[in-house]
Amino acid sequence: MRGLTRAAKRAGEMAFNAGGGAVNWFPGHMAAASRAIRDRLKLADLVIEVRDARIPLSSANEDLQPVLAAKRRILALNKKDLANPNIMNRWLNHFKSCKQDCISINAHSSSSVNQLLGLAELKLKEAISKEPTLLIMVVGVPNVGKSALINSIHRIATSRFPVHDKNKRATVGPLPGVTQDIAGYKIASQPSIYVLDTPGVLVPSIPDMETGLKLALTGAVKDSAVGEERIAKYLLSLLNIRKTPLHWERLVHRRDELHKETCSRNENDSRDSLRRRRCLDNAVALYVQDLVTDVQRTLCSTCLDFTGNTEEESELESLIDMQLTALRKVFRIPHKPFDETHGPTSKKLLTLFRSGKLGPFILDDLPDEQ
């Protein structure tokens, strides 16, 4: 395991991945927002820092960590459904060993968000005797699921404390030193606990090429700032270095056998019209699953057929070019004369990865395994 993590860490430094230069994108308004966050953090009694469960370290804002660490804080590792559950447990244990409250969540799941809010209320008990009104602030870098979490909290708050106008936000205030009211969602009473309705957007910290490409791969940095083909090549670098396509061989075979059995059953049972209707209803889902299987089969077969040494950078690059060419056929993308780019293929591959169709992954290495 240690050897693989060291190799994977070098993926971003390989010439064909690093060739596009440093990953350093954020609009000016985000820098201004970060300055504003520091002021708002002074009002917060507890901070929920949302990170992407696939990159628990890379999705942190390093500049703000000293400020966040000085507050009552919960790390919410969101998109746990896209992360490898076995490795996720080790990450939770890691943060626990660092005396940091941490929970993995799915921001779209009410039960998951309720668990997070329960932990937040527990953390705030020590402050109850001091303040009649307590504030929780949600922060995180782009695209880690802050808005989805806020929306789920809004639904839960509405069910706990119904209001006549469903779109109405509760008003928190007056607060010492605040000249205007702050809007939020009430989640508890005695004392009143509010979650501020606007999350704080943190500028991603990009100390090196590896972190920048991980942020781009998970969507925290815009594709247009890095290039979809470059991001796809980085993804394939990681998959090949970790031998992931070879692990798919048995899975693909099992799916093929199951597909044959299902088709045979449906052909023999012509009377079951309900099953046929269900098959039609599931046509899109079946198409996506077949596409995923074809992608995994293609990546697996290209690995098995490749005779080069993937530990050599130039040969790994050759394998990746072969894989992108083969995937073009899988995705049925027409080949244009004199066009050797892989933009459309890269876009489709990234869509499958980001939606979790290729499987659950955690891209960061645990600190004690680096």
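Helices here are DSSP runs of H or I of at least four residues, numbered from the N terminus. The model is predicted, so local features need pLDDT of at least 70 and side-chain atom pairs count only at pLDDT 80 or more, while totals for chains, interfaces and linings use all residues. Residues are numbered from 1 along each chain as its sequence is written, and side-chain values use heavy atoms, without hydrogens and water.

Proceed to helix α8 (residues 209–218) and helix α10 (residues 228–241), whose axes (lines fitted to C-alpha atoms over the stretch in contact) lie 10 Å apart at an angle of about 105°. The angle makes α8 roughly perpendicular to α10 (65 to 115 degrees between N-to-C directions). On the α8 side, select Met209, Glu210, Leu213, Lys214, Ala216 and Leu217; they meet Arg230, Ile231, Tyr234, Leu235 and Leu238 of α10.

Finally, select helix α14 (residues 313–330) and helix α15 (residues 343–354), whose axes come within 9 Å and cross at roughly 85°. Helix α14 is thus roughly perpendicular to α15. Leu324, Leu327 and Arg328 of α14 make the contact (heavy atoms within 4.5 Å) with Thr345, Ser346 and Leu349 of α15.

Definitions and conventions:
Axes fitted to C-alpha atoms, helices over the stretch in contact; angles between N-to-C directions. Helix = DSSP H or I, 4+ residues; strand = E, 2+ residues; numbered from the N terminus. Parallel < 35°, antiparallel > 145°, perpendicular 65-115°, else oblique.
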